[in-house]
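I opened my notebook to look up a few things in this structure. My entries follow.

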Amino acid sequence: MISVRYSIQKRLLKSAMLVLIAVGVISGFIVLQLSNTASDEAHDKVLGAAALTIAETISFGESGVTVDLPYAAFAILGTSGKNRIFYRVVAPDGTTVTGTPVLGIDQPALSVNESRFFDSQYRGENIRVVQVAHFFQGRRGGGWFNVFVGETREARNQLATRLASFALLPAILATILGLVLISLAIRSSFSPLRAIETSIRHRNPTDMSAIDVDVPLEVETLVGSINQFMARLEATLEGLRQVTADAAHQLRTPLAAVRALSELALDQDLPPTMRNYMSRINKNAVSATQLASQLMTEAQLLHSLETERFKQINLTRLTRKVAEATIAEMRFQAALPNIVYPQENDPACLVEGNEAAMGELIKNLLVNAILHGAGPIDLCVWQDGSHVRLAVKDRGPGIPETIRETLFERFVKDPDKQAGTGLGLAIVKQIVTASGGRVWHRKREKGGLVIELQFPASPLGNKLGKGRK
């Protein structure tokens, strides 16, 4: 079953965003409703005042009822150039004295001194209408006149929009600011975890020391558990290394005896079958002795990398010293190819590391090129920006396809060759990784193999000249 990974930080941020958005939507709806209500209340007062002004101009003359429509009644309604105004004056007997005949026709007549506001439609448009009653007593009698005044909603909608924008703009800005502050708060809350991650990621792979980072109480238990686990892991690894070193040390004596006895036996006059057996015993004893020696060397190097502080190393000079020592050591074991390595006057390339481990690394690479490659062999050291590179180039047959992807793993070697233990390049990778570098291999132009290493340059090294590529 495949588990789906998720981020607590993203979940919290999404939850906060959803809450703020929900609150914003609800608040926006409320603001719009309140803005429409406030706009209606403001315009209703003006609309009612206009209707009362018209009602006060009603009079009875010789020819009957007359209405002297005041200009001011319509002027106060003209707050928007898009607004259109309608009116209707109804006599006590229900007949229309003047105005739009259908305005408020469905409303019952008022017979008290009051005002009534309602929404209606006129020619497919929404309008707001006020109805007021006014009692007038004339020579021929009196009665309640009803005055209807309506207007379209352009001015009301315009005011409601402005009120809503004035209220919503700060709300939107507050929501955005809230999201930013919540995001920063959540990120700040997770900063101790990132500090722990950075501490573990940037440390030496062989460093199992306790995490020393200031963390809040909620994370302190987690850090304590990680530290306890690393302490147990360190003890286990140290025990395994010690067992490996002790076993290798204890095996060296009997292996040396087997090797010496087999060599003595090969000097005797033996039957062909027995000589073949004894020769195979001798080869296996030599291979086992080399394996035991490399296991001891690996354990010592790993212990040295963990316990000793790194120091500044002139990789150019160290490569020259190791190359000269290795050539002198192997001169009587086999015919050596032409080997080119850095010279005394080559620019210094400085790195931080363990000198003994770096020396073993260079030796393993050179021995590997001598035993499995062909000459000429070039050892190159040069500065590449903020990095120092070391390359070992040979003209051998290269890497078989079957082991190309696993070349730097333990006990991986060319199946067609008996020589070698398969540990040399694995030790190289361990040292490079522990030193903060990386290693890779590639084909050499015109045939051969290139194994290239890259290390962070020492700060002083950036000020020096570039070496030979």
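**A loop residue.** I began with Lys446, which sits in the loop between strand S13 (438–443) and strand S14 (449–456). Helices (H or I, at least four residues) and strands (E, at least two) are DSSP runs, numbered from the N terminus. Is Lys446 buried or exposed? I found it exposed, at 83% relative accessibility. Buried means under 20% relative accessible area, exposed over 50%, and partly exposed in between (1.4 Å probe, protein chains only). I also noted that Lys446 has a positive phi of about 65°, although it is not a glycine. Most residues other than glycine have a negative phi.

**Ground rules.** I am reading a predicted model, where local features need pLDDT of at least 70, side-chain atom pairs need 80 or more, and totals for chains, interfaces and linings use all residues. Residues are numbered from 1 along each chain as its sequence is written, and side-chain values use heavy atoms, with hydrogens and water left out.

**Another positive phi.** I then turned to Arg123, in the loop between S5 and strand S6 (125–138). Its phi is near 55°, a positive value in a residue other than glycine. Arg123 counts as exposed because its relative accessible area is 74%.

**A buried residue.** Next I looked up Gln383, in strand S11 (residues 377–384). Gln383 has 3% relative accessibility, so it counts as buried. Where does the side chain of Gln383 reach? I traced it to the backbone oxygen of Gly385, at 3.2 Å.

Helix H3 (residues 154–189) has 36 residues. I read 51 Å from its first C-alpha to its last, close to the 52 Å expected at 1.5 Å a residue. The expected span is 1.5 Å times one less than the number of residues. Among the buried residues of H3 I listed Ala155, Gly178 and Ile186.

**Whole chain.** I noted 9 helices and 14 strands. Buried residues make up 36% of the 469 residues. Of contacts (heavy atoms within 4.5 Å) between residues at least 6 apart in sequence, 63% join residues at least 24 apart.

**Confidence.** I checked pLDDT, the predictor's confidence in each residue, from 0 to 100. The chain mean is 77, and 75% of residues reach 70 or more. Which element has the lowest confidence? I found helix H6 (residues 272–307) lowest, at a mean of 67, and strand S5 (residues 115–122) highest, at 89. Over residues 461–469, pLDDT stays under 50.

Methods: A polar contact is a pair of N or O atoms within 3.5 Å; within protein, one must be able to donate a hydrogen and the other to accept it, and residues adjacent in sequence count only if both atoms are side-chain atoms.
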